[in-house]
Amino acid sequence: MADTAHQKAGAEGVGGGVGVTALLVAAARALETHRPDSLARDGFAEHFVRAAPVSAGWPVRPEQVPGGDADPLWGRFARYFGLRTRVLDDYLLASARTGVRQVVLLGAGLDSRAFRLAWPPDCVVFEVDRPGVLEFKHRVLGALTALPRAARVPVAADLRDDWVASLTGAGFDPAVPSVWLAEGLLFYLPHAAERRLVDQVERLSAAGSALAYEVKLEKDLLHYRDSAIYAATREQIGIDLLALFSLERRPDSAGELSGRGWHTTVHTPFEFTRRHGRGPLPEPHDALEGNRWVFAAKPRA
């Protein structure tokens, strides 16, 4: 098992500044793409995985996983990421159908939604992430001569710094509705950083805006250190997720948004497993049991 310092360094920069967690999600999306019962398809994902030395040997097709769906990492955990991708894809597109034309992906990672989703012709997708991540993505997609299906605006910024100035400087207009996505991001932020991020999104959101993000319930995360998916992630690819997560007490961001007039709903991933007929279901000592997907809408005036 890799030590904490090594993991944090790895998360900050491998493959030209790309975090290993972003590559893990890309590998899961590649696997989902090639499943016969796929919930989401991302034809770019496997190219990201193969282009980074740290992940070049990871599986990107189900037949490359010896244990299949019984494998805790490339089976159950990857299924979780595939389900999450589908649910959040649906949410973003539903917002676009209501007339929202600004999409902001916070900590965009190796997300290829600007390229693979059927956006309205006047939609703008802002991808906010560190320069190294965006450079790696540009290099891989450029080699594929991939063309975005919406106006794509990369915004090189660290979410711990003044990303708001970078976003507005790139053309984001706070006066018109937007839909925001923080996918798999808040786990890694300290309490104060999460509150600041949610506050900044709230202030930048015009009436009619929407937000989706993922959180964990207030629990001792270390209780799940030896759960099957976290143990398999450490043992198979050397990523200690719990060493990367912030262990500080989590703020009630959904409650704070509700207090500011937003309509919020909180769901378990298992609700969507049942809705779609596939994905992870609860199991004993389950590291996924505390995961919640939050959807918030700022009412139109």
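Leu-159, Arg-160, Trp-163, Leu-189, Ala-193, Arg-196, Leu-197 and Gln-200 line the second largest cavity. A cavity is a set of points, on a 1 Å grid over the protein atoms alone, where a 1.4 Å probe fits but cannot get out; lining residues have an atom within 4 Å of a point. α8 gives the most to this lining, with four residues. Helices are DSSP runs (H or I, at least four residues), strands are runs of E (at least two), and both are numbered from the N terminus.

The model is predicted: local features need pLDDT of at least 70, side-chain atom pairs count only at pLDDT 80 or more, and totals for chains, interfaces and linings use all residues. Residues are numbered from 1 along each chain as its sequence is written, and side-chain values use heavy atoms, with hydrogens and water left out.

**Cavities and pocket**

The search of the whole structure finds three cavities of 30 Å³ or more. The largest cavity is lined by Leu-106, Ala-182, Leu-186, Leu-197, Val-198, Val-201, Leu-211 and Tyr-213. Two elements, α8 (191-204) and β5, each give two or more residues to that lining. The largest share, three residues, comes from α8.

The largest pocket is lined by 46 residues. A pocket is an open set of grid points with protein on both sides within 12 Å along at least five of seven lines. Nearest its centre lie Thr-21, Arg-130, Gly-184, Leu-185 and Tyr-188. Elements giving two or more residues to the lining are α1 (4-12), α2 (20-33), α4 (72-97), β1 (102-106), β5 (210-216) and α10 (241-244). The largest share, six residues, is from α2.

The table sets out volumes and residue classes. A volume is the space filled by probe spheres set on the points, which are joined across faces, edges and corners. Ala, Val, Leu, Ile, Met, Phe, Trp, Tyr, Cys and Pro count as nonpolar, Asp, Glu, Lys and Arg as charged, and the others, Gly among them, as polar.

| Space | Volume | Lining residues by class |
|---|---|---|
| Largest pocket | about 1000 Å³ | 27 nonpolar, six polar, 13 charged |
| Largest cavity | about 40 Å³ | eight nonpolar, no polar, no charged |
| Second largest cavity | about 40 Å³ | five nonpolar, one polar, two charged |

**Helix packing**

α2 and α4 pack at about 85 degrees, with their axes 8 Å apart. α2 is therefore roughly perpendicular to α4. That term covers angles of 65 to 115 degrees. Axes are lines fitted to C-alpha atoms, for helices over the stretch in contact, and angles run from 0 to 180 degrees between N-to-C directions. The α2 side includes Leu-24, Val-25 and Ala-28, and the α4 side includes Trp-74, Phe-77 and Phe-81. This contact (heavy atoms within 4.5 Å) divides into 10 nonpolar, two polar and four charged residues.

α4 also meets α12 (residues 269-276): their axes come within 10 Å and cross at roughly 80 degrees. So α4 is roughly perpendicular to α12. Arg-76, Tyr-80, Leu-83, Arg-86, Val-87 and Asp-90 in α4 meet Pro-269, Phe-270, Phe-272, Thr-273 and His-276 in α12. By class, the contact has six nonpolar, two polar and three charged residues.

**Confidence**

The protein chain averages a pLDDT of 91, and 93% of the residues score at least 70. pLDDT is the predictor's confidence in each residue, from 0 to 100. Over residues 1-17 the pLDDT is below 50. Beyond near neighbours in sequence, this stretch has 34 contacts in the model.

Conventions
Parallel < 35°, antiparallel > 145°, perpendicular 65-115°, else oblique.
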